[in-house]
Amino acid sequence: MTRLTSVNDLIELKKSLVGERVDPDGTKRQSLWVCCGTACRAGGSVELADKLQEEAKNNNIPVDVIKTGCLGMCQKGPLIKTMPDGYLYQKVKTKHTAKIIDYTAKSGFAVRELFYRIDDLDYYYKRDIFSGPKEKIEDLPFYQKQLRLILEGNERVAPENIHYYIAQGGYEALAKILSEKWEPEKVIDEITKSGLRGRGGAGFPTGIKWKATRQAKGEVKVIVANGDEGDPGAFMDRSIMEGNPHCLLEGMLIAGYAVGANYGFIYVRHEYPLALKNISIAIQQVKELGLIGKNILGSGFDFDISIREGAGAFVCGEETALLVSIEGKRGFPSPKPPFPAESGVWAFPTCINNIETLANVPYIVKHGAEKFSSIGTENSKGTKVFALAGKIKNTGLIEVPMGITLREIIYDIGGGIKDGKRLKAVQVGGPSGGCIPADLIDVEVDFDSLSSVGAIMGSGGIIVLDEDDCMVSIAKYFLEFIKEESCGKCPPCRIGSYQMLEILTRITEGKGEMEDIDRLENLAKSMQVSALCGLGKTAPNPVLSTMRYFRDEYEEHIKHKYCRAKSCRINTYKIDNDECFLCGLCKKVCPADAVIDAGDQYIIDQEKCIKCKACYDACPIDVIKSLGSGEETIDKSTINLKGELRDGA
Amino acid sequence: MADKLTGIDEGVLTEEQKKRAMIIHSLFEIQKEHNYLPEEELKKLSEKLNIPLADIYSTASFYKQFYLQPRGKNVVCVCVGTACHVNGAPEVLEVLENTFGIKAGETDKDLNVTLETVGCVGCCGLAPVVTLNEEEIIGEVTKEKAQELADRVWNK
C-alpha cells in the first residue's frame, strides 16, 4: 500500500476504491456478508464462508464473500446478509452453501427456507396477521427498534481490510479535522457539546476528561483505550474491536489530536484472541498507509498506537489498575486524585476512554455534535450498545438510543421470555450493577434513570432472569465473582466480599439467621464508602438491589428453608398421595434412592433426600409438592412473584 | 521510530521503565513455549532484565492467565459468566468435574486435561459455553453434551 501524504491522497484512494474494489452495496456484483463474530464462529461460520468462496470459484460466479464482525442476532447464527437485496439468512449450515451460490449469488433469488420466522404464535395472534417470513434485516422485530450508529459498521466493513472502511468514509472525520485545521480546543468543544459520556460504566463526560488531559502539564501525553471488558455477560467492546477496529483507531487518533497526545495504547483482554488479531492487522494497515506514525497526512501530527495484552484480571478494567498493568506491574488500583488526566501511565497525563466511547467519536466529528445530541435523553446522549442475554428468546448484541425502556428491549427486541416463563428481574450492569424487578421495567435506559432504581448502566450487559432464578443465588453468584477477582489491596473489598459471600452461602444452604440480613446490609454499606476503587465501591450493588426488591426471598430462605425458584437445595419435597397415580417415575429418577415404594403409595424418605428436585421435575402430573419447612409450610401456589408473603411471613 | 515493544519513542522512558513494561509480554512468550511458567525460566528472565525475581513473581502470580503449574494437554474451560450461570453452567461443570475426577482449576496427574472456569468468553448468546483449548467453542451445552465432550477429551 502506498503511503498517504495528504488529505487529498485519502480522498483519491477512496475514489479509486468505491464500486470497483469495494462494493458493499452489491451494485456491481452480489456480496455475501458472513457473520464471523464469536457466536457465529462457534456455529461454524468461518468454514461456511470458505465453502461459499470455494463453491463460487468452482462455478465461476463473481461474488464477494466477506467475513464481518458480529451482526447481532447471536441466537440465530450463523447469519449471512446478502447485498444488494439485503436478505438475512439465519442458521445457515454448510449444506446450504451450494443453494446460496446457485440462487442468490448467481441469479439474485432468495433461499427462502433460511429466512427468519417468528416461531411465537402469540405474536401472530396479537397482530392478527399471518405475515410471511422476515426477509430483510429491517423487517426483523429484533432490529426494528434499534439504532445502529456504531454497530452499522459491523454490517458494512470487512474488519481485515481497511479499504472497506475507507471506501465508506472512514478516516474522513480525522481528515476533516486536519484539513480544516481545527484547533484541538474546537475538537474538545465539539465532543463536550455532543454530550458524550463514558460508556465504560460511570458515565463521566468525555469532553471534560479530554479537557483535563489537554490542560495537564507535560510534554508527553497518552491515550489509552480500555478494552479490558471483564464484566461477565458483556461483549460489546469485543464486537467493536473484532468487527470494526478502524473505527476505534480513528477515535483514538482524534482523541490524541485533541488532548495533544502522541501515543495510544489499546488494552485488550487475553481472552479475546480474535480482537487482538484484528486490531493488530488494522494497526499494521494504518501504519503502511501512514495514517499513524509521523506527520499524519502531512499535517505535522504524530501519533502511534500499540496493543497491550491484558493477562486476566477483572480489576484491570478499573482505570488506575489498568495503567499500572501497562507498566508491567500487579494491577492494583490507586486512590484518586491524582486522576489519570494529571498523572497516568508512567506519570504522564493520560486520557483513558472505553472502546465504545472512542468508537462514537468519528461519528460525532463527521456529523456534528448537534446531530449526535438529538439522539437520547436530556443527560444521556447518543446510543448504547448492550449485550442481551439470559432467559430471553433473541439473545445478541443490540444498539439502542438512550431513553428506550427496558420493556421495549426485552419484549420488542428480545422477543420476550424463553419457554413461556415469567419475567422476574433484569440484571443490568454486571457485578457493579443491580437487579431491576419485573414491575419496574418501564424505566428508561439512561445513566440517571438506571441509578435511580439501584442499577447502573455499567458497561452494558443485560441479563434477563425468569421465575426459575433465585435472587439470593444471583447475589451470591456476583459476590463469588467479586471475591475471586478482588485484587486484595484494600481490606474492605477483600474481607467484605469474603464475609458477604459466607453469609449468602449460609442463607442459600438454609442455615441463615434473620440477623444475617442486617449484617449483609452493614457490610455492603461500609464497603460502599470505604473501598479503594470503583469496582469495590460498587461490588455490593447486586446484594443491595436484590435485598431492596426481593427481601421476602431472603426471608423465606431463612425462616422457611424455602427457595421459590427451587434452585437452592433447601426445599422439602412431598408426594400428594391423594392425587398420585403411581407411575413410579419419581422412584426411577431419584439419584439418592430416597423414594420408597410402599405398594399403594410412594413416600419420599426425608433422611435420604438430597433435595435435587429430580422427582419434582419428572412427575408428569405435578403432584410432588415443593415446600418450605420450619414454622409453617408453604405451597408454591401461595407464592406469587410480587412476594405477597412479605406481610404475612 | 517508536520502540516496537513499548510503543514509545526512544528517550521518553527510562531503561528501568522499559524493562518493566516488557515483563507481561515476556511472560506470555515463556508461557507460549512451555505451556506454563517454569521457575527456571522466571529466574532466567530475572537475570536477563536485571529485575528481582520477587517482582517478576509478583506480576506473574497476580494475573489469571499466567500458570505457575504445568497444564494438561487439553484445556477445558467452562464459562461461568452470568448468562451461562443462569442457563446451567454449574451443572455442566459438575459433569466435567465428575468425569475427569478433578475440581475446577486442577489438572489430572497424567497431565491429560486441565479444567478451568472463566468469567465470560463473550458469547452469551450461546450460553452455556465451554471452550476446548481456546479454539473450539461449544455452545448451548447440556449435561448430555458435556458428557460427550468429557468422553471425547478423555479418550483423545
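I began with chain B, which is divided into domain 1 (15-62) and domain 2 (74-154), the bounds coming from an automatic or database domain assignment. The C-alpha centres of domain 1 of chain B and domain 2 of chain B lie 30 Å apart.

I noted that this is a predicted model, in which local features need pLDDT of at least 70 and side-chain atom pairs count only at pLDDT 80 or more, while totals for chains, interfaces and linings use all residues. Residues are numbered from 1 along each chain as its sequence is written, chains are lettered from A in the order in which they are written, and side-chain values use heavy atoms, with hydrogens and water left out.

Next I looked up cavities (sets of points on a 1 Å grid over the protein atoms alone where a 1.4 Å probe fits but cannot get out; lining residues have an atom within 4 Å of a point).

The largest cavity is lined by 16 residues, with A:S486, A:C487, A:C493, A:C533 and A:G536 nearest its centre. Its lining draws at least three residues from each of domain 2 (170-373) and domain 4 (472-560) of chain A.

Finally I checked for disulfides (pairs of cysteine sulfur atoms within 2.5 Å), and the count over all chains is zero. A:C487 is in no disulfide, the nearest cysteine sulfur, that of A:C533, being 6.4 Å away. A:C487 is buried (under 20% relative accessible area, with a 1.4 Å probe and protein chains only) at 17%, and A:C533 counts as buried at 9%.

Key. 1 Å grid on protein atoms, 1.4 Å probe; cavity = no way out; pocket = protein on both sides within 12 Å on 5 of 7 lines; lining within 4 Å. Buried < 20%, exposed > 50% of the residue type's maximum accessible area, 1.4 Å probe, protein only.
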